[in-house]
Every structure is written in C-alpha cells, then in structure tokens.
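Subject: Structure handover

Hi,

Here is the structure for you to look at. My notes follow below it.

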Amino acid sequence: MPFANVSEISDRLADNAESVCRKLLPNGYPKGNYWFVGSLDNEPGQSLRVVISGPKEIGKWVEEGDCSLDKPYGDLLDLVRHRKGCGSFQETLQAACDLLSMPIPEDTENCERPAQRKKPKTNNESVVKARRLFEMAQPIGGTLAEEYLEARGILTTRYPSMRFHSSCMHYDAAKQDVVKYPALLGAITNNAGQTIGVNRIYLDQSDLLNKPFEKPKRVSGNMLGGAVRFGQPSKMMVVGEGMETMLSVKTALPTHFMGACLTANNLAAFMFPEALEFLAIARDNGPVGENSAARLRARAEAANITVIDLVPENGDFNDDLCAMGAMALRNELLTQWRNAIN
C-alpha cells in the first residue's frame, strides 16, 4: 500500500524532528517543545514554530507572520517540499529520504499526497498572552515611545491602540537568552474590535532612531487580516503597512480613519470592515509595496469598494514626512486623492 510507505517516511521525519529542523531551518532555535524561526524561508525570528517534542502532534508547524502563504501551516513533508523546492510529491518524498539517509520505498512512484487536515485553530494561548502584554503596558503619553515617534516627525500619537512597555522581553537567539528592551506596542484588532495580537517595536533608549538589534519589530499572537487602527471607524479608511507609515499619514490627514497592517503580505490580506465603501491604500514604494496594493485592490473592487492608491515620493510616507514636513505631505496626499477620484 503506497500510503503505508508515505506514513513510514512521515514517521521517520517526526522521529527526527529537531534534526530535520536544524538542517532545513538552521537560523532557528529550540525552546521547550518547539523549534522557532522567522519564516519558511529560514529568516531569523519567532513567527514560525514547529512541534519537535511533547504531547502535541510532532512535526506540525504554523506560521503566523507571513500570510502570503496559501497554507501557513503544515507538516514536515510540507517543510521539505518548500525548503528543497520540490515540484511534485514524488520529488518531496525523494528529498525527505535523502535527508533521512534512507532509500525511497519502491511503490511511491504513482502515489498521491493524502488529503490534508483542516487548518488548525488560532493559538488561543498566544492571543491571550498578547492581550496580557498590552494590558500590562502604559499609555504612550510622555514616554520614550512618544519621543520615538516625535523623532520621526509624527505628531498624532496618543491613540488607545498604542501603549509603551518599559521592559519588554525579547529572545536573543545569538545569546540564547531573554533580554529586555523598552518597546512601543500596537494592538492588532479584527473588525469586531477584538485584540488578536500585538505589534512590538523595540527601542534603543540611547539613540531613538537607531535599531537596538536587527529586525526590532515582532508580533505576538496573530495578525492575519487585522490591523493596528487609529481614529474612529467610518465608511472610508486608509490602510498601509507599518505603524510609523500610517501614523505619518495620520499626522497629515488627522481626521481620517487609518489602519496599519504591519507587513506587505498582511496588507494584501486585510479584512475589510463590513460597512466600508471607500479604501485608500497608502502603499510603500517599490515592487513589493506595489504588488501588495494591487492584490488588496483586486479584492476590494471585487467587494464593490472604491479604491485609490497613495504613493510616496521616497521609500514610505514616514520618509516623506521627515523630508518635507506635515503640511507639504498633506498637500501632496490631497493632490493625489483628488487626481485619483476625478
């Protein structure tokens, strides 16, 4: 029976889960029952976790930080397929056997992948922890976080969706230890107003415009389809990527409802509020920003939502704000807005 042999390969992968992760995701690290890494592309970070031991099904993984994946979850065979660039299931089996130093079973040539299980539910524990983290933090007014935003030219800062944590934990993979930094927190909410995750921007208190370490932005909990929101909901909304980007647009257009989706992939996957009629996409410059805006536009127009694009002169709208000031940015945005709807 072909599937018996497929099961044998899957079992062998699971028996060697940590070793497989060390080979396929060497930028990650083990912690507890999981192997943590930034993404399926082996980026440093914590967004993807693979079960390597314990009571849960070993080998299962979920990636919460990259919604560009058609299926942001899977097993070790999925991991092998992605990391080895396999084009067929048979190539995946061969790559898995090579990884395990075992011969491929003879009767897998014509077999197909068994039906996949449904996507696992959101990790409620991580969402609860994210909410707890946000609740423990303080309002942003008069804190290092507000100083950080003001140093970037952002004037409108005191929103309920943002808080400051003076000593936020961060796992340093290089040191294999937990360190603490001050951090600006943003509550990621869904359209029901529920907090599903928290965006953390770690700060260097000795130099606010300097990064305390590489890639100082992290997400706790979930962010898929959600956003950090600024202002009162309405039938018109402006969305973009980073918190600094959207707070820059908010500085120039303070009466508009805004949402920071945090990544290009999550911008493309943003879930529209039910009553939304008009959407402005304040995209980043470059092909990645252009592509994510195009994907979001296609979905919005299919939902009969009017869409316009707002495009920065520099890399993003915070770059524009710092370069030209709030009034000039306001004039530029309003000019683009008028031209797009006329």
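Strands S12 (residues 236-240) and S14 (residues 278-282) pair in the parallel sense, over five bridges. Keep in mind that this is a predicted model. Within that pairing, Gly-240 stands opposite Ala-282 of S14.

Is S12 mostly covered or mostly open? Covered: four of its five residues are buried. In a regular strand, side chains alternate between the two faces of the sheet.

Next, the helices. H10 (residues 317-324) and H11 (residues 326-341) have axes that come within 7 Å. The axes cross at roughly 125°. On the H10 side, the contact is made by Phe-317, Asp-320, Leu-321 and Met-324. H11 contributes Ala-326, Ala-328, Leu-329 and Leu-333.

Now the aromatics. The count comes to eight aromatic pairs. One of them is Tyr-34 with Phe-36, at 5.9 Å centre to centre. Their planes are 50° apart, and the pair is tilted. Both residues, Tyr-34 and Phe-36, are buried.

Another pair is Tyr-181 with Phe-213. The ring centres are 5.2 Å apart and the planes sit at 50°, so this pair is tilted. What does the pair tie together? Tyr-181 lies in strand S8 (residues 177-189), while Phe-213 lies in the loop between strand S9 (195-202) and strand S10 (217-221), so the pair ties together parts that are 32 residues apart in sequence.

Burial for these two comes down to the cut-off of under 20% relative accessible area. Tyr-181 has 19% and is buried. Phe-213, at 17% relative accessibility, also counts as buried.

Back to Tyr-34 and Phe-36 for one last item. With Tyr-29, these residues form one aromatic cluster.

Best wishes

Key: Residues numbered from 1 in each chain as written. Predicted model: local features only at pLDDT ≥ 70, side-chain atom pairs only at ≥ 80, totals over all residues. Heavy atoms only, no water. Phe/Tyr/Trp six-rings, centres within 6.5 Å; stacked < 30°, edge-to-face > 60°. Buried < 20%, exposed > 50% of the residue type's maximum accessible area, 1.4 Å probe, protein only. Helix = DSSP H or I, 4+ residues; strand = E, 2+ residues; numbered from the N terminus. Pairing = 2+ DSSP bridges. Axes fitted to C-alpha atoms, helices over the stretch in contact; angles between N-to-C directions. Contact = heavy atoms within 4.5 Å.
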